[in-house]
Amino acid sequence: MSEIVPVRCPACRREHLYAAPAWPCACGATVTPLLDGAAPPAVVAHRAWAEEWITLPCPRCARPAQWPHPELGCPCGTVLRLPVTGTAPADPGGHAPDTATATRPAPDSPGARRPPHPLAIRTALDAVTATVLYLRALGFRDVRRADQRPTAGIGLAARGLLAQVDPSVRPASARDVECLWLTAMTESARCAYFSLAGYADDARTGADRLGVPLFVLDLTGTPRPVNPAADTLDTDGA
């Protein structure tokens with residue numbers, strides 16, 4: 001279980017209790033960042049790719065992987081990035097469920113394939129984290145930042161897949177979906193779109209024509225398939 005640490009917002013001086021997220025490694029162990037309770041949190045004023053992610057080794061298999069940097073959103077509107085000193089030791093009495101099998105439903109249970117640890121979405125980074133956990137639950141193990149930035153939102157890449165996460169408040173447009181599809185075509189990869197605000201009608205029509213899976217991220221961090229291609233990806237996985 002993650003250690004709970006007190007975090008004081010430097011803007012409004014309100015104190016919060018924060019528990020670091022736990023992520024499932026491919027080996028089945030849980031990767032939990034070890035927070036530095038003695039160091040003050042940093043206020044996120046501007047987003048930079050280099051600061052959004054941290055590289056942590058798995059405490060069991062020692063495999064390094066990139067994970068979203070832990071953040072806390074204060075009700076006053078300030079976003080705090082929490083300092084990390086390393087990885088919490090592995091729990092000798094148990095391990096995280098194998099997301100390759102534990103989250104896979106029976107074939108007659110549509111829409112049941114979900115991340116084992118849902119993440120409430122409060123920030124854009126939460127939307128990215130929820131998508132990463134979902135893709136790993138589908139069997140995409142090496143999810144990372146995409147080399148190319150998309151026209152909107154944040155790009156993720158895995159072996160054979162490009163994903164776009166759009167945390168904006170506007171519905172994704174047909175151009176957004178088509179640009180993702182074209183980028184994926186140039187890399188001979190599949191693609192999937194994840195949006196918080198849904199999709200314009202022409203975006204859905206274009207996605208159905210191109211076979212692009214469309215998902216809507218609800219505020220509990222659960223991706224919901226909204227077209228047949230997404231239903232297929234949700235059922236079949238990687």
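Me: What does Phe 194 touch, not counting residues up to four places away in sequence?
Reply: Contact means heavy atoms within 4.5 Å. By that rule Phe 194 touches Thr 131, Tyr 134, Leu 135, Ala 163, Gln 164, Val 165, Asp 166, Tyr 199, Phe 215, Leu 217 and Pro 223. This is a predicted model, where local features need pLDDT of at least 70, side-chain atom pairs count only at pLDDT 80 or more, and totals for chains, interfaces and linings use all residues. Residues are numbered from 1 along each chain as its sequence is written, and side-chain values use heavy atoms, leaving out hydrogens and water.

Me: Why is the pair of Tyr 134 and Phe 215 called edge-to-face?
Reply: Rings of Phe, Tyr and Trp (its six-membered ring) pair if their centres lie within 6.5 Å; planes under 30 degrees apart count as stacked, over 60 as edge-to-face and the rest as tilted. Here the centres are 5.4 Å apart and the planes stand at 65 degrees, so the pair is edge-to-face. Tyr 134 lies in helix 2 and Phe 215 in strand 16, 81 residues apart. Helices (H or I, at least four residues) and strands (E, at least two) are DSSP runs, numbered from the N terminus.

Me: What links Tyr 134, Phe 194 and Phe 215 into a cluster?
Reply: Ring pairs do.
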